[in-house]
Amino acid sequence: MSNNITGNEVIHQYLRHNKKFPHVLCAGCGHGIVLGTLIRSIHSLGIPKDDVVVVAGIGCSGRLAVYVDFNTVHTTHGRALSFATGIKMSNPKLNVICIMGDGDALSIGGNHLIHAARRNIGVTALVLNNNIYGMTGGQSSPATPEGSTTMTNPYGQLDKSFDTVELAKGAGANFVARGTVFHVNKLEKIMTQAIERPGFSLVEAITPCHTQFGRKNKYKSPVDMYNWLKKTAVPVERYNELPEDKRADRMPIGVFVERDRAGFEEKYYAMQRGFLKAAAKGGK
Ligand SMILES: Cc1ncc(C[n+]2csc(CCOP(=O)(O)OP(=O)(O)O)c2C)c(N)n1
Ligand code: SF4
């Protein structure tokens, strides 16, 4: 894979051109930007395609796995992290990257997310948060903001939404970050750091779904949604200095946690080596 190319040429080297296109994403969808960012991160790290496994659940976000020429698994809704855990355990040398929507990761797959973070399995989890179930027609997800309108909450969402970053922090992930598809260079940097770090890394990528979320709320066009990201997102360092009353409509982005706990697979194989050594010496 040549490193002397730039821009779109990089992305084109990693796509399954002859098999899976045209893609299914709506015009203005942010998911493609996340995929481009992921490809550029992997390219900049110089990781060979064969050493990457992309595991995705079901959803518009889940479709991303089928477009890229890595080892890919397009698996069941909510179970991407279970498959990813198995793959990482069977071959820890692989870079295993999970792509999940907010419905996929926080609702049906929420339990897997908590425990993957707690276990600190060496997987990079990308949560593509568009605040809605995009593929199935705009049902509320656990990331749908309180008060917003959706197909299943036409009079306004009453539940408080999950804060993905706080959830992953609390569950014990080694690396937790948030970016947006508007701040694409920052997102790429974050993703690169996430892939490099051992143990469980979670990147929440805020990505607009105008089709199912935006137009039911105050965003008349996809451009309005990107402007919303531009206006709302603030680097976490600046956010922390804001007085409480100025934080309400702002969303911190950046890196929230960088820990150095050994990944589960590292601990498991170290334990196994210990047993084998003891057995070779005639012990138990
Ligand atoms: C076990 C199971 N339950 C439900 C579905 C239906 N389903 C497919 S995609 C989806 C939601 C997708 O939303 P999200 O994960 O947020 O991804 P997005 O489409 O927004 O990218 C649902 C409920 C399914 N395919 N499998
Ligand atoms: S429905 Fe939403 S998430 Fe799905 S492709 Fe369209 S804009 Fe993207």
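Buried means under 20% relative accessible area, exposed means over 50%, and partly exposed is anything in between (1.4 Å probe, protein chains only). This is a predicted model, so local features need pLDDT of at least 70 and side-chain atom pairs count only at pLDDT 80 or more, while totals for chains, interfaces and linings use all residues. Residues are numbered from 1 along each chain as its sequence is written, chains are lettered from A and ligands numbered from 1 in the order in which they are written, and side-chain values use heavy atoms, with hydrogens and water left out.

**Exercise 1: cysteines**

Task: Find out how many disulfides the structure has, then sort Cys60 and Cys98 by burial.

Solution: 
- Step 1. A disulfide is a pair of cysteine sulfur atoms within 2.5 Å. Searching the whole structure turns up zero of them.
- Step 2. Take Cys98: the nearest cysteine sulfur belongs to Cys60 and is 18 Å away, and Cys98 is in no disulfide.
- Step 3. Cys98 has 0% relative accessibility, so Cys98 counts as buried. Cys60 has 22%, so Cys60 is partly exposed.

**Exercise 2: the surroundings of ligand 1**

Task: Work out which residues come nearest to ligand 1 and which polar atoms face its oxygen atoms.

Solution: 
- Step 1. A residue is near a molecule or strand if one of its heavy atoms lies within 4 Å of it. There are 17 residues around ligand 1, and the nearest are Cys60, Ser61, Gly103, Asp104 and Gly134.
- Step 2. Sort the shell by type: six nonpolar, nine polar and two charged. Here Ala, Val, Leu, Ile, Met, Phe, Trp, Tyr, Cys and Pro are nonpolar, Asp, Glu, Lys and Arg are charged, and the others, Gly among them, are polar.
- Step 3. Check which element gives the largest share of the shell: helix H6 (residues 102–108), with four residues. Helices (H or I, at least four residues) and strands (E, at least two) are DSSP runs, numbered from the N terminus.
- Step 4. Look at the oxygen atoms of the ligand. A polar backbone atom of Gly103 is 2.8 Å from one, an N or O atom in the side chain of Asn130 is 3.0 Å from one, and a backbone N or O atom of Met135 also lies 3.0 Å from one.

**Exercise 3: salt bridges**

Solution: 
- Step 1. Start with the general idea: side chains of opposite charge can pair when their charged atoms come close. A salt bridge is a side-chain nitrogen of Lys or Arg within 4 Å of a carboxyl oxygen of Asp or Glu. The structure holds seven.
- Step 2. Lys49 and Asp69 meet in one of them, at 3.0 Å from N to O.
- Step 3. Asp69, at 34%, is partly exposed.

Terms used
A polar contact is a pair of N or O atoms within 3.5 Å; within protein, one must be able to donate a hydrogen and the other to accept it, and residues adjacent in sequence count only if both atoms are side-chain atoms.
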